[in-house]
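Hi,

Here is the structure I promised to pass on. Have a look first, and my notes follow below.

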Amino acid sequence: MPRLPESDRVAGARDYGRFWGAAAAILLVDQLAKLAVRHWLSLGVSLPVIPRILDLTHVQNPGAAFGVFPGGTAAFLVVSLGVCSFLGAAGPRLCLGRPLLFWALSCQFGGALGNLLDRLVFGAVTAFLDFHVWPVFNLADCALTVGAGLLILYLIRYERRAVAKEGSTCDPS
């Protein structure tokens, strides 16, 4: 039976499995790192990894990524649940034939799941990467940031293709 072009195909179990599998791998690495930090570092304790550049510092963050908006745990739970629900359901369909978008959204899904799980279980997100010039963050924050960067790159490439295909997107009126 001939295969349909990617643009005409409907997302199937394999697409969902790949998408959820990539997100689950990110979630697993994030949660294992946080477990190690919670187990071996007391809250507030720093362990120099590269002196004056990188410390592992155990912090509990009740706010959003990188410590902004502390105290908004309930709001972040609602937003995180919405984002995770949307990405889990629609992500594989949106990514068909778009590998860059696949990695962008699966990174965001895995990162959002990692921080959501922390909020649900501990009421705050465990953070530990301390570069001294930026708020302490974690691997889920890294995945969210990488996913956002890949999404921006995808959108730039998509816009360039649309302009090349249709001409200028400027409205002269």
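**What I found**

The largest nonpolar core has 15 residues, and Phe19, Cys84, Cys95, Leu101, Phe102, Leu105 and Phe109 have the most contacts inside it. By such a core I mean a set of buried Ala, Val, Leu, Ile, Met, Phe, Trp, Tyr and Cys residues joined through side-chain atoms within 4.5 Å; buried is under 20% relative accessible area, with a 1.4 Å probe and protein chains only. Two or more residues each come from α1, α2 (73-94) and α3 (99-122), and α3 gives the largest share, 7 residues. Cys95 touches Phe19, Leu101, Phe102 and Leu105, leaving aside residues up to four places away in sequence. Apart from this core lies another, of 7 residues, including Ala33, Leu54, Phe128 and Phe137.

A word on the source: this is a predicted model, where local features need pLDDT of at least 70 and side-chain atom pairs count only at pLDDT 80 or more, while totals for chains, interfaces and linings use all residues. Residues are numbered from 1 along each chain as its sequence is written, and side-chain values use heavy atoms, without hydrogens and water.

Along the sequence they read α-β-β-α-α-β-α. Buried residues account for 38% of the 173 in the chain.

Cheers

Note on methods. Helix = DSSP H or I, 4+ residues; strand = E, 2+ residues; numbered from the N terminus. Buried < 20%, exposed > 50% of the residue type's maximum accessible area, 1.4 Å probe, protein only. Contact = heavy atoms within 4.5 Å.
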